[in-house]
Amino acid sequence: MINRSFRQLPLLLSLLSLLIFGGFASDAEAQETAAPEAGAVAEKHEAIPLKAAPLFTIGKFTVTNSMLVTWVVALGIIVFAQTATRKIKQIPTGAQNFWEWLVEGLYNFLESVIGSHLVRKTFWFFATIFIFILFLNWFGLIPGVGTIGWGHHDPVTNVFHVDRPLLRGANADLNLTFAMAAIFFTLWIFWALQENGVGGFIIHLFGPKGDSKGILKVLMIVVFFMVGWLEIVSILFRPISLSFRLYGNVYAGENMLESMAHIVPALSWLIPIPFYFMELLVGLVQALVFMLLTAVFTLLIAHHEPAQGVHH
Amino acid sequence: MNIPIFLAANLVTETAENFGFDVKIFLSQVISFVIVALLLKQFAYKPILAVLEERRQRIAEGLLNAEKIKQQLAEAEQRYQEILAKGNGEAQKMIDEARASAGVIAERKQQEAIVAAEQILAKAREASALEHERTMSQLKRELGRLVIDTTAKVTGKVLTRDDQRRLQEEASRQVAS
C-alpha cells in the first residue's frame, strides 16, 4: 500500500508540473494576445512570424531556419553523446560523467513514473524527447538566434529589422512539435497493441471499469461504451494538444523576449535578462511536461487493472 | 451533415497554413527526430545503461562479498572463541590435574618422611638405650671394682673370689636401685 502511494508520488508531481505549466501556458497565451497590443504601443512589425522562414531550396525541398536549428542541435547532441560514450570507463569523468548523470537520472525518474517494465521498452523515446526538446529550447535562447539574418533598414526609425533570420527556435515551428507528437502517437498505438493485444486495447477503451452486478453492470457497460468514444476523441486530440502546447509556449517566450528587448530601446540589453532566466526555466518545464505527458499516456494504456482479470 | 465536415476541414487547412504546417517539412522533421532517437538509442543509451547495469551488479556483488566476508569473520571469531574456550578448559583441567597429583605426591612424600623420621627416632632411641645399657654395665663393673678395691684397702685383707662377686653384685644392685 505504501509502495503504491509512493508510486503515485511522481504522478502527483507530474500533475503539479502540469499546473505550473498551465500557469506558464496561460501566461504565454496572455503574452501572445498581449503581444500585438504591446507591439501597437512600440512597433507593430516587431512580432515574430508564426511560420519558420525558408532559407534555401534543394530541388523542390525547402530548408527553413528552424530545420537548420534542429539539425545543428541534433548533430551537437549526437556528437556529444558519441564523445561521452566513445571510451566508457567504470569510473566516469568529464563528458561521460555528465551523460551518465543525465541518462541515469532520466531512467530512474521514468522508472518511478511508468515502472521498470515499460521503461525498458520506451526509455529511448522519452529520453530523446526530453533531451532534444530541452536543448532545442535552450539553443533558441542563445543571442543571435532570431536576430541574425536578412532584413531591411527602416529609414524612419533608423533601425535594421531582420525579416528572415538565419536561425529560429526549432520548437517555435509547429512542424517539429507536431512531428514529435505524431511519432509519439504512432509509438503509443504500437505499445498499446503490444501490451494489450487488439482485443485488450478495445476492452481498455470501451470496457466497464470496477466491480458491478445486475442492472448496474448493464448501465456501466453503456456508460463506459460512450466514455470510450470520448476517450478516442481525447486520444486523437493528443498530438494536437501536445504539439500546440509546446509550440505555443516557445513561440510566446520568443515573442516576449522580443517585446522586452524593444519596450524601452535604451534598455534593450537589460530588460530581457530576467525573462531569459524565466525562459530557461520554461524550456526545462516544457521538455519535462512533454516527456511526462507522453509517459503518463503510455502508462495509462499499458496499465492493467487487476480487478478486470485481463492477463497478458 | 457534409457542411460541418467541410467547415472543419477548411478550418484545419486554414489553421495549418497560418501556423506554417507543411507536409514536406513535417516529414523532414519526423526523419530528423527518428534519426536522432535511433542514433542516441544505439550509441548513447545502450552503452551507458549497460555500464550502469554492470556497475550495479559489481556493487551488488561487492556488497554480497562484503557480507560473506563479514559472516566468515564472525564465524572465524566464533571458532577462535570456541578454540580459546576449549584451550582454557583443557589448560584449567591440566592445572587441576597437576594440582591434584601434586597434592597426592606431597601427601605420599609427607607420609614417607613421617615414616622415615619415626624410623630414625626409633633407631636413635634403640641406640640410646643400648648406649645407656652399655654405660650402666660399665658403671656397675667400675663401681664393683672400686668397691672391691676400697673394701680390700679398708679391711686390709685379700678378698676371695666369692667376696669379690658378692660385693660386685651388691654394688650393682645399689646402682640399679
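This is a predicted model: local features need pLDDT of at least 70, side-chain atom pairs count only at pLDDT 80 or more; totals for chains, interfaces and linings use all residues.
**View 1. Helix H3 of chain A packs against helix H6 of chain A.**
Helix H3(A) covers residues 94-139, and helix H6(A) covers residues 272-302. Their axes come within 8 Å. They cross at roughly 150°. An angle over 145 degrees counts as roughly antiparallel, so H3(A) is roughly antiparallel to H6(A). The crossing is right-handed. The contact of H3(A) with H6(A) involves 21 nonpolar residues and six polar ones. No charged residue takes part in this contact.

**View 2. Helix H2 of chain A crosses helix H3 of chain A.**
The axes of H2(A) and H3(A) come within 9 Å and cross at roughly 115°. Angles of 65 to 115 degrees count as roughly perpendicular, and H2(A) and H3(A) are therefore placed in that class. H2(A) passes H3(A) in a right-handed crossing. From H2(A), the contact residues include A:Val69, A:Val73, A:Ile77 and A:Phe80. Also on the H2(A) side are A:Thr70, A:Thr83 and A:Thr85, along with A:Ala81 and A:Ala84. H3(A) contributes A:Ala95, A:Gln96, A:Phe98 and A:Trp99, among others. Further along H3(A), the contact takes in A:Ile131, A:Phe132, A:Phe135, A:Leu136 and A:Phe139. By class, the contact of H2(A) with H3(A) has 14 nonpolar and four polar residues. Charged residues are absent from it.

**View 3. Chain A meets chain B.**
The contact draws 36 residues from chain A and 28 residues from chain B. The side of chain A that touches chain B divides into 25 nonpolar, seven polar and four charged residues.

**View 4. B:Leu63 sits in helix H2 of chain B.**
This helix of chain B runs over residues 23-155. Is B:Leu63 buried or exposed? B:Leu63 has 10 C-beta neighbours inside 10 Å. A residue with 12 or fewer counts as exposed, so B:Leu63 is exposed. B:Ala116 lies 53 residues from B:Leu63 along the chain. The C-alpha atoms of B:Leu63 and B:Ala116 are separated by 77 Å.

Terms used: Residues are numbered from 1 along each chain as its sequence is written. Chains are lettered from A and ligands numbered from 1 in the order in which they are written. Axes are lines fitted to C-alpha atoms, for helices over the stretch in contact, and angles run from 0 to 180 degrees between N-to-C directions. Helices (H or I, at least four residues) and strands (E, at least two) are DSSP runs, numbered from the N terminus. Angles under 35 degrees count as roughly parallel, over 145 as roughly antiparallel, 65 to 115 as roughly perpendicular and the rest as oblique. A crossing is left-handed if the near helix is turned anticlockwise from the far one by less than a right angle, and right-handed if clockwise. Ala, Val, Leu, Ile, Met, Phe, Trp, Tyr, Cys and Pro count as nonpolar, Asp, Glu, Lys and Arg as charged, and the others, Gly among them, as polar. A residue is buried if 20 or more other C-beta atoms lie within 10 Å of its own, exposed if 12 or fewer, and partly exposed in between; C-beta atoms are placed from the backbone. Two residues are in contact if their C-beta atoms, placed from the backbone, lie within 7 Å.
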